[in-house]
Structure formats: structure tokens, C-alpha cells
Amino acid sequence: MFVLKNAWKTVIRNKGRNILIILIVAIIAAAATVGLAIRNAADNARETGLASTSVTATIGVDRSKLMEQAKSSSSSSSSSSSSSSSDSKPDFDAMREAMENSSLTLADYEKYAKASSVNVGTYYSESTGVSGTDSFQPVESTTSNSANSGSSSSSSSSSSSGSSSSGSEGSTQQDPGRGGPGGDQGGMQGMTSGDFTLTGFSSDKAVAAAKNGTFTMTSGKVFGYGTDDNGKVIISKALADFNDLKVGDTITVTNPNDTSKTYKLTIGGIYENTTSSNTDSAGPMGGTSQDADNAIYTSVSTLKSLGLDSTTTAADDDDDTSTQLSYTYVLDNADDYETFASDVKKAGLDDTHTVQSSDVENYEASLVPLDNLAKFALTLLVVVLVVGAVVLIVLNLFNIRERKYEVGVLTAIGVNKVKVAAQFAIELLIVTMCGIALGVAGGAAASVPVSNQLLASQVSAQQTEAASQQAQFGRGADMGGGAPGQTSQQGESSGSNDSSGSSNGSGSTGANAAPNEPGGMRGGMSRAVDYVSSINATVNFKVIGQLILIGLGLTLVSALVGIIFVMRYEPLQILADRS
Amino acid sequence: MTFLEFHDVVRQYGSGESAVLALDHATFDIEQGELAVILGASGAGKSTALNILGGMDRATSGSVTLDGTDLTKATEAQLTDYRRFDVGFVFQFYNLVPNLTALENVELASQICPDALDARETLDKVGLGERLGNFPAQLSGGEQQRVAIARAIAKNPKLLLCDEPTGALDYATGKQILQLLQDACRQRGITVALVTHNSALAPMGDRLIRFRSGKVTEIDANPNPTPIADIEW
């Protein structure tokens with residue numbers, strides 16, 4: 001007990017020195033509090049943000065890897081091609097073939113869904129192009145009609161949508177293998193353009209995730225997914241008005257490459273797109289099938305019955321029809337997504353395909369400033385703690401050297417060394433605890449405004465960076481976008497889209513369908529992400545607990561140094577030095 | 001049986017050729033309740049002998065026995081206990097804890113010893129009843145030394161060891177201190193060993209032990225010690 005009592009007396013009687021230590025410790029503790037609170041809040045934001053919401057994931061193609069593989073295989077077959085690659089043309093055919101083969105079939109997608117160890121829901125949609133007949137015409141203006149005649153324009157737009165897939169939700173699954181890199185042969189392998197896009201959905205969820213956004217039914221109702229409802233479709237109100245159709249009418253569409261093949265469909269309902277922006281963004285460059293108003297929705301079962309589903313069209317050799325498959329996995333939360341991604345890899349998904357989730361990517365993108373802040377907070381924390389430890393140790397060392405004589409006296413009259421050391425440790429503890437209490441109070445008051453201030457600067461830094469990127473690629477996109485009619489520049493413009501799509505893809509929001517459309521070429525590839533701009537860095541008991549632990553740790557470390565000194569002292573030596 | 005036996009003690013510093021013998025087969029006894037004056041020039045080994053007696057230093061060879069306890073065989077912890085319970089130290093430079101008041105310095109003794117004397121009373125006896133709350137820095141040298149004596153006596157030790165207690169004090173103050181030590185011995189029956197280089201103090205003790213070059217050269221019993229008041233130097 002007397003150890004405590006004497007420690008307390010010593011603390012009280014060395015006010016100046018102890019107030020200095022308290023101040024230093026308080027500053028360190030305040031900085032550490034802010035740092036810990038930020039890290040804590042960042043962790044919470046990350047955990048809670050995606051923990052409870054379901055995540056959709058898709059499997060996409062990593063094209064650059066595909067190219068590398070195609071290149072390496074072609075260069076190995078001819079040794080001269082690698083050395084002369086700078087002046088000779090790349091092996092387009094090999095690359096196209098590689099991309100053709102890289103597409104996954106419905107069976108593949110389903111296999112991966114089964115391979116998952118976590119609960120995974122799935123839905124998919126299949127799109128194909130169909131042409132109108134004399135009695136059933138697409139919604140179009142005269143300019144778009146003329147633009148539609150150039151098949152290369154639609155093919156280049158489909159390639160651009162494929163490359164920017166990570167950023168745009170709806171286009172992510174558009175089978176990139178079908179879309180060539182743009183250029184002369186694009187029309188042959190690309191999505192069959194036609195006048196209409198006939199999309200089959202596997203479930204209501206798939207409909208809800210439709211590429212053209214959500215819609216409301218103005219009359220009739222959405223088709224069912226069983227075979228009973230085969231042949232039933234829903235069409236947009238604009239298309240219905242254009243052709244003067246109503247629910248229950250029958251329409252006839254033809255295969256775009258073979259007008260002798262006709263398909264009869266019954267209108268089960270008429271819908272209106274909730275977001276009108278998609279309808280006019282097609283612009284003069286898009287084919288009429290790209291116009292949202294020319295989208296005909298039906299069930300996959302209908303497509304299958306018509307022989308237009310992806311499995312059938314992929315199996316037949318003729319190139320007259322092709323269907324794009326878009327397959328989406330629904331996972332309960334972000335953790336399941338990670339598990340699913342690794343499960344799929346184990347199930348045999350090769351390197352050229354990657355599991356992607358725009359939900360996760362968008363969320364991650366929105367967390368970039370917060371992550372930066374958390375990193376900064378960690379650095380701050382480490383620096384502060386190291387400096388704090390050094391300062392405390394030095395102060396304590398000086399303190400004990402100064403009081404060496406006291407140690408000598410106490411041990412000489414028979415006080416245990418352990419007790420002397422304990423007294424010194426307790427003294428330091430009292431002082432540092434006062435400092436930590438002060439620092440936590442100050443840090444708690446300061447952490448919310450300080451961390452929001454820091455986060456705001458991080459966000460603006462991030463936005464500046466994004467803006468400069470946008471400016472850079474905006475110039476590039478102007479080249480193609482400014483001259484939509486010139487087919488000679490199509491390849492170039494889609495190429496620039498590719499690069500901006502890959503660099504900014506993760507930065508554009510999921511709702512941003514612009515890159516999907518030809519109009520997206522006119523810059524604006526990356527829109528400002530809705531960054532997490534406020535952080536709830538309140539100091540809670542966890543932070544206080546961590547801080548007290550850290551404080552105890554620091555105190556013990558520095559006290560240990562003192563204890564070692566005390567233990568080394570021999571009373572006789574000290575007293576002899578004194579004399 | 002002899003209270004304190006210092007038998008054939010050698011204390012060697014260093015080793016080999018540079019070895020120095022601070023104590024060279026020194027032997028003496030002190031009886032219980034005696035005031036022994038240990039006299040010698042500087043470097044004669046008297047302080048070394050006192051440190052060994054006080055449990056702060058160890059003999060290289062020989063044996064030191066106090067009231068049946070052999071100090072040369074004691075462990076470090078036993079030596080600490082010995083310092084705590086059995087001996088009181090009075091140093092030349094007082095060695096008070098600067099952060100503690102006079103009273104608290106004396107209370108240190110009662111904090112570590114179970115059968116300690118009352119601190120206030122002891123301070124009152126050494127004439128500092130009015131200065132209880134003063135810090136060492138606020139006391140004169142003589143007053144500090146009296147606090148140190150009070151602290152040593154308050155432990156109620158078997159043996160009081162004084163290393164040049166008057167070395168830093170003037171004549172009159174020194175006399176008061178010596179009077180206190182003599183009183184402690186006479187009135188409380190504490191055995192006192194007093195180390196000094198001042199040969200004028202020799203008559204005040206019951207026993208005179210003279211050191212020269214680490215050897216005990218003379219042991220004189222003095223059946224009629226002179227009161228401090230009559231000693232002049």
C-alpha cells in the first residue's frame with residue numbers, strides 16, 4: 001500500500017514535469033483516438049454496407065488476357081511473327097477465334113451456379129435481333145433508319161459495351177465473344193442487328209434487371225415463364241402506339257438474315273420504361289434495335305420454342321441468328337460473393353474469365369476515399385504511437401536517472417527493488433492515464449469534424465483525379481463521337497472507348513447505361529461516383545478500450561525500461577556516487 | 001555469545017594484478033548495546049567494513065555473524081530483509097528522499113517495518129517536532145541528519161550503522177548529532193557502530209576499533225566512555 005501512497009505523493013509533488021507528460025500523452029492519445037475512430041468507422045462502413053444486401057455477380061471475359069494467349073499461341077506457331085509484329089498486322093483471325101471460343105454457354109453458367117458452396121440464386125436473359133414486317137415496323141426516325149443501314153456502327157457499339165462491362169450493369173453480360181473488335185467483319189459475328197431486340201427473361205428478377213431499366217405496365221400483364229405462356233410478349237407503349245397495337249393482338253417478326261423465317265407472337269401486355277433517358281440516347285448512330293422502345297420482352301421459354309435461344313443458335317453452324325446470353329448470379333451478401341468467386345475458380349473457370357460484381361465494385365469504388373483515409377489513419381496511428389513510445393521512454397529514462405539517488409536510498413534502507421520499480425511504474429501509469437483520459441475526451445470531441453474534414457479532402461482529391469481522367473479520355477472520345485457517320489474512324493473510336501472503359505469502368509455507376517449506347521462515345525464515360533462522403537467516426541467503447549490497451553502497453557514498455565534501470569542499480573553504488 | 005562477529009574478513013576489489021584488498025583479514029567483535037567507534041584514515045577499509053555489516057556489500061571471504069545470522073551466506077533477498085528489519089543506516093550525506101517531507105521520510109521506516117516506532121514521536125525526540133511537514137531541501141544539514149537518525153531509529157533496529165555522520169556538519173551541530181547517537185545507545189540499548197576519521201571521538205565509545213590499510217590494528221575496550229559534551233575537537 002505504501003508503494004501506492006508514495007507514488008501518488010510523488011506524482012502530486014512533481015506538478016510541472018507531470019503536467020508536461022500529461023500534455024504530451026494527451027496529444028498522442030487524441031491523435032490516436034482520431035486514427036482509431038476513423039479506422040473503426042471505415043471498417044464498420046465496409047462491413048455493414050454490403051453485409052445485408054444481396055449482391056449480383058456475373059462472369060466476364062478478361063480480354064487482354066485472351067489477347068495475350070492468342071498472341072502467344074500464334075507467335076509460337078510462327079517464330080518470325082513476334083519479331084515482325086511491329087510492322088506486320090496482328091493475327092486478327094486467331095484473336096477473333098479465341099474470343100469466339102471464350103463465350104460461356106448456358107450449361108456452363110449453370111454448372112458454376114451448382115459448384116458454389118453458398119446459396120446462390122440465378123436469373124438470365126437472352127437477347128436476339130428480329131426484323132419487322134410490313135405490318136409491324138420499329139419505332140424510328142428517318143435518320144436512324146439510314147444509320148441502321150451501316151451494320152458496322154451497331155457492331156462497334158456492341159463491342160464498346162462489352163469492353164466497358166465492368167461499369168455498366170446491364171451490358172455486363174452481353175456476350176463479348178460475339179462482338180468483334182469492330183471493323184469490317186463485325187457485322188457477321190456481332191449481334192444480329194434486326195429491327196427489334198427480342199429479349200427472353202428467365203424470371204421476374206431478370207426482368208427487373210432489364211438492360212433498359214425498370215418499366216411499368218400500362219395495360220395487360222407480364223408473361224409467365226412456363227411453356228403455357230409461350231409466344232406471349234410485352235412491347236413498349238411507343239411501339240404499340242406506332243403500330244396501333246393493343247393487348248391480345250398478334251405480331252409477326254422475321255429473322256433478320258432470313259426473312260422467310262417468321263415468328264408469331266402475341267402481345268400480352270404493354271409497358272412504359274420508367275427511365276426515359278434510355279430511349280433517346282440511341283441517337284442517330286444506333287440501330288433501331290438499340291432503341292429501348294423497340295425492345296420486345298418475352299420469356300426464355302418462348303425463345304426456346306422459337307429456336308432462338310442461345311443454346312440452339314450457338315449449336316447451329318449457320319450465322320443467320322445469334323443470341324446473346326446474359327447470366328446473373330444473386331448472392332446473399334458480399335462474403336458469399338467472395339466465396340462464390342473462389343468456388344467458381346475451383347470449378348474450372350479459366351484465367352480469361354473473371355467473376356465480377358458491379359454491386360461490389362461500385363461499392364468498393366465509393367469506398368476509395370474512405371480507404372485512403374483509413375490508410376492515412378493507420379499511418380498516423382503508427383507514427384503517433386512510435387513517437388509516443390519514444391517520447392515516453394525518454395522522459396521516463398530521464399526521470400529515473402534523476403531519481404537514481406532515491407532508488408539507492410530506498411533500497412539501502414531495505415525496500416524491495418520490485419516495490420521501487422512498481423512505484424515508478426504506478427507513477428507513470430497515473431500520469432499517462434490522466435493524459436489518455438484528457439486525450440480521449442479531446443479526440444472524441446474532435447474526431448467527427450476532423451475525420452469528416454479529412455474525408456472531404458480525400459473525396460475532392462479523388463474527384464479531381466477522376467475529373468482529370470475524364471478530361472483526358474473525353475478528348476479521345478471526341479474524335480469518334482464528333483463524326484458519327486464516318487465509318488473509317490469507327491475502329492479508332494471504339495478503341496478509345498475500350499481504354500477509357502477499362503480504366504474508368506469501376507468508377508462509373510451501375511445506373512449509368514451511357515457507355516452501353518453509341519451516344520456514350522461522346523465522352524462522359526466515367527461519371528462521378530457517389531463517394532461515401534460522411535463517416536461516423538464517433539468514439540465508442542471499443543475505441544476507448546483499444547486506446548486504454550495501447551496506453552497501458554506504452555506505459556508498460558516505458559516503465560519496463562525504468563524497471564530494468566532500477567534492477568541494475570546497486571544501492572551501495574548509487575550512494576557511493578553521491579558521496 | 002558475541003552479538004556481532006566480524007571474523008577474518010577479506011574484501012577484494014578487482015582481480016589478478018590490479019586486485020586491491022579493501023579488507024585484509026579484518027577481525028573484531030561488538031557486544032550487544034555497545035557503542036563502537038571505528039577509527040581510521042581515508043581508505044583504511046572502515047567504510048567497506050560498515051557496508052558489509054549493513055548488508056550492502058559482501059565479503060570475499062571470512063564470516064560476518066549478527067545475532068546468529070551469517071551475512072556471508074545470505075541470499076540477495078535475505079540481505080534486503082536484513083537491511084529492512086535489522087539495521088538502521090545513518091549516512092554522511094543524510095540520504096533522505098527529496099520528494100517526501102521529514103515526517104514521511106521517517107514514516108518510510110514504519111511502512112516497511114512491522115514493529116516500528118511512531119514517526120512523530122521519534123522526530124519529536126530528535127528535536128524536530130515543529131518541522132514535520134518540511135521537505136529535506138527546507139531543512140539545514142544538521143536537521144536533515146537528525147531526520148535520517150530518526151528514520152534509522154524508528155525502525156527499531158538491532159544495529160545502528162553510522163558512516164561519518166558528522167562529516168558534513170559544523171562542530172556544534174556535529175556534537176548534537178553525536179549526542180543523539182549516544183543517547184540512542186544508552187537509552188534504547190541499540191548497538192551502534194560509528195565510523196569516523198576523527199580520533200577525538202574515540203573516547204565516546206565503549207569500544208574502539210582502529211583500522212589501517214584494511215587491517216584491524218587495535219581493539220580497545222573503554223569501560224568509562226566520555227559524554228559527548230566533554231569531548232572537544
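How much accessible surface does chain A have, and what percentage of it belongs to carbon and sulfur atoms? The total comes to about 25,400 Å², with 56% belonging to carbon and sulfur atoms; accessible areas here come from the Shrake-Rupley method with a 1.4 Å probe, and for residues only the protein chains shown count as cover.

## Ground rules

This is a predicted model, where local features need pLDDT of at least 70 and side-chain atom pairs count only at pLDDT 80 or more, while totals for chains, interfaces and linings use all residues. Residues are numbered from 1 along each chain as its sequence is written, chains are lettered from A and ligands numbered from 1 in the order in which they are written, and side-chain values use heavy atoms, with hydrogens and water left out.

## Chain A at a glance

Chain A has 22 helices and 10 strands. Both are DSSP runs numbered from the N terminus: helices are H or I with at least four residues, strands are E with at least two.

Take the contacts in chain A with a separation of 6 or more, and 83% of them link residues 24 or more positions apart; a contact means heavy atoms within 4.5 Å.

## The sheet in chain B

Over in chain B, there's an open sheet of 6 strands, ordered E6-E7-E8-E3-E9-E10 with mixed pairing. Strands E6 (87–90) and E10 (215–221) of chain B sit at the edges with a single partner strand each, so one side of each has no neighbour in the sheet. Two strands pair if DSSP finds at least two bridges between them.

Inside the sheet, E3 (residues 35–40) and E8 (residues 191–196) of chain B run parallel and are joined by 5 bridges. Val37(B) stands opposite Leu194(B) in E8(B).

## Ala22(B)

Ala22(B) belongs to strand E2 (residues 20–30) of chain B. Ala22(B) counts as buried because its relative accessibility is 12%. Leaving out residues up to four places away in sequence, Ala22(B) touches Arg11(B), Tyr13(B), Ala44(B), Gly45(B), Thr48(B) and Gly214(B). Gly214(B) is 192 residues from Ala22(B) along the chain, yet their C-alpha atoms are separated by 5.2 Å.

## Where A meets B

The contact takes 23 residues from chain A and 24 from chain B. About 2,100 Å² is buried between the two chains, 57% of it from carbon and sulfur atoms; buried area is the accessible area (1.4 Å probe) that two parts lose on being put together, summed over both.

There are 2 salt bridges between chain B and chain A, each a side-chain nitrogen of Lys or Arg within 4 Å of a carboxyl oxygen of Asp or Glu. Lys9(A) forms a salt bridge with Glu104(B), where the closest N and O atoms are 3.5 Å apart.

Conventions:
Buried means under 20% relative accessible area, exposed over 50%, partly exposed in between (1.4 Å probe, protein chains only).
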